[in-house]
Amino acid sequence: MIIAQLSDIHIKDDASLARLDQVLDWLSTLRPDAIAVSGDLANLSHQSNYEMLRARLETFGVPVLVVPGNVDNREAMRTVFGGPQTGPLNRVVAVADSLRLVGLDVTIPGAVHGDAAPVRDWLEHELNSGGPPALVFLHQHPFNCGMDEYETIDCRNQEALSAVIGRARDSVLGIFCGHLHRPMFARFAELPAAIAPSVAPAGKLVADGHETTTTDPPGLLVHHVKDGMLVSHMISIG
Ligand SMILES: [Fe+2]
């Protein structure tokens, strides 16, 4: 089972669409079994840009999960991609009855950081519903990324989220985010956790007073699930 995770597309102009199409052209050769988009789909003209993205993703003919990011418009996403009629856009997408893609909407409208508290009970119920193994997708990272200026725009109430996922650890394969435009690999609730590279230009690397600019090309994560094992590949396009 091949799950492609795109993140942080930030559609706003021709240049952003060109980067998206670079990724999708490559992805069409891989033929994934499902696609997840972990937030920050479009910066402006939300509804029309979501419709354009949906049309591109529909050409793959596979299940698609989208979760909102802080620059997204939750109501426009609801209109274009469906989901619950009110409140957070939590969603679950089944992949061939053997895998669940669980989208957790931790966004707070108007805020850059996220918060797991409002959606913790929904996730607990979903993870304990007896379904197949799950990959959990959310926008803001629920773990310390080590980059001081980004710790304040994380997903809040990480301990509560960790407890929920920890209690369902046997049915979760990994936790995957976006938001920082920088691929990172960590652990959360004793499970693999990662931030996907962005389709939009990459963010700088800042750690312990060291700082560099970056020129990463657009990228994505490719999650391979086989015999209950998860291996995640990082792909750069360009
Ligand atoms: Fe973001």
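Reader: How many helices and strands are in the protein?

Author: This is a predicted model. The protein has 6 helices and 15 strands. Its radius of gyration is 16 Å, close to the 18 Å from the globule rule for 238 residues, so the protein is as compact as a globular protein of that length. Along the principal axes, the C-alpha atoms fill a box of roughly 45 × 45 × 35 Å.

Reader: What share of the residues in the protein is buried?

Author: Buried means under 20% relative accessible area. Here, buried residues make up 54% of the 238. Now take contacts with a separation of 6 or more: 67% of them join residues 24 or more positions apart.

Reader: Which residues coordinate the iron ion?

Author: Look for donor atoms, which are N, O or S within 2.8 Å of the metal. In this structure they come from Asp40 (OD), Asn70 (OD1), His139 (NE2) and His179 (ND1), at 2.1 to 2.3 Å. Along the chain, their spacing reads D-x29-N-x68-H-x39-H.

Reader: Is His179 buried or exposed?

Author: His179 counts as buried, because its relative accessibility is 8%. Asn70 is partly exposed, with a relative accessible area of 23%.

Reader: What are the angles among the 4 donor atoms of the iron ion?

Author: A tetrahedral site needs all angles between 85 and 135 degrees. Here the angles are 85 to 166°, and the site of the iron ion is irregular.

Key
Residues are numbered from 1 along each chain as its sequence is written. This is a predicted model: local features need pLDDT of at least 70, side-chain atom pairs count only at pLDDT 80 or more; totals for chains, interfaces and linings use all residues. Side-chain values use heavy atoms; hydrogens and water are left out. Donors are N, O and S atoms within 2.8 Å of the metal (3.2 Å for Na, K and Ca); water is not among the atoms, so sites may look incomplete. Four donors count as tetrahedral if all angles lie between 85 and 135 degrees; four count as square planar and six as octahedral if opposite donors are over 155 degrees apart and all others between 65 and 115; anything else is irregular. Buried means under 20% relative accessible area, exposed over 50%, partly exposed in between (1.4 Å probe, protein chains only). Helices (H or I, at least four residues) and strands (E, at least two) are DSSP runs, numbered from the N terminus. The radius of gyration is taken over C-alpha atoms; the globule rule is 2.2 Å times the number of residues to the power 0.38. Contact means heavy atoms within 4.5 Å.
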